Amino acid sequence: MKQGIMALACAALVVSGCATPPEKVQRSFISPSVYAGYSCHALTAERAAIEGHVQELTAHQRSKANTDTAVMTVGLVLFWPALFALSAGKDYEADLSIAKGKQDAVLKAGQSLGCFTGYGTQSEMPPTLMQRLPERAGGFPPL
């Protein structure tokens with residue numbers, strides 16, 4: 001009985017060392033005033049760069065979480081010394097949290113300027129110039 005309780009306590013300690021899946025990483029608060037001096041063009045470029053960074057960090061964090069899950073499974077089922085490998089590797093949770101916060105801040109700053117009106121989700125971008133030009137019956141005149 002005592003061994004079972006001890007094993008559960010050890011498992012709880014080890015589980016707390018696993019990397020958080022990227023979907024569960026909370027956004028840090030970044031004030032939109034950081035981007036107050038930016039134009040719509042600059043905000044659009046910044047938003048694209050941040051979204052690329054968020055996608056990259058999400059992939060790294062997902063890989064770390066999957067690796068930790070695999071090591072945990074092997075450690076609990078087959079070979080308990082493998083549990084010491086849970087601390088190996090970089091956890092990207094803090095970086096991802098900040099990047100998600102920057103993503104929200106850029107979106108809010110852009111919406112306050114009227115740059116991203118109607119585009120509420122992070123993956124949507126404002127339409128390009130060609131998408132905003134009206135369709136003409138015969139197309140555009142030749143250059």
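Helices here are DSSP runs of H or I with at least four residues, and they are numbered from the N terminus. With that in hand, welcome to this predicted model. Read along the sequence, its protein chain follows the pattern α-α-α-α, with four helices and zero strands. One disulfide is counted, and Gln61 and Tyr92 are two further residues to look at in this tour.

**The chain as a whole**

- The protein chain has 143 residues, and 27% of them are buried.
- Its accessible surface comes to about 9600 Å². Carbon and sulfur atoms account for 63% of that surface.
- Among contacts with a separation of 6 or more, 75% are between residues 24 or more positions apart.

**The disulfide**

- A disulfide is a covalent bond between the sulfur atoms of two cysteines.
- In this chain, the bond joins Cys40 to Cys115, with an S to S distance of 1.9 Å.
- The pair links distant parts of the chain, as the two cysteines lie 75 residues apart. Cys40 belongs to helix α2, which covers residues 40-77. Cys115 sits in the loop between α3 (93-113) and α4 (129-132).
- The torsion about the S-S bond of Cys40 and Cys115 is about -80°, so this disulfide is left-handed.
- Cys40 has 32% relative accessibility and therefore counts as partly exposed, a class that lies between the 20% and 50% cut-offs.
- Cys115 counts as buried because its relative accessibility is 13%, and buried means under 20%.

**Gln61 in helix α2**

- Gln61 is found in helix α2.
- Its relative accessibility is 0%, so Gln61 counts as buried.
- Leaving aside residues up to four places away in sequence, Gln61 touches Ala19, Thr20, Pro22, Asp91, Tyr92, Glu93 and Leu96.

**Tyr92 in the loop between α2 and α3**

- You can find Tyr92 in the loop between α2 and α3.
- With residues up to four places away in sequence set aside, Tyr92 touches Leu57, His60 and Gln61.
- Tyr92 and Ala19 are 73 residues apart along the chain, and their C-alpha atoms are separated by 8.5 Å.
- Both Ala19 and Tyr92 are among the residues that Gln61 touches.

Key:
Residues numbered from 1 in each chain as written. Predicted model: local features only at pLDDT ≥ 70, side-chain atom pairs only at ≥ 80, totals over all residues. Heavy atoms only, no water. Disulfide = S-S within 2.5 Å. Buried < 20%, exposed > 50% of the residue type's maximum accessible area, 1.4 Å probe, protein only. Contact = heavy atoms within 4.5 Å. Areas by Shrake-Rupley, 256 points an atom, 1.4 Å probe, with all protein chains shown as cover.
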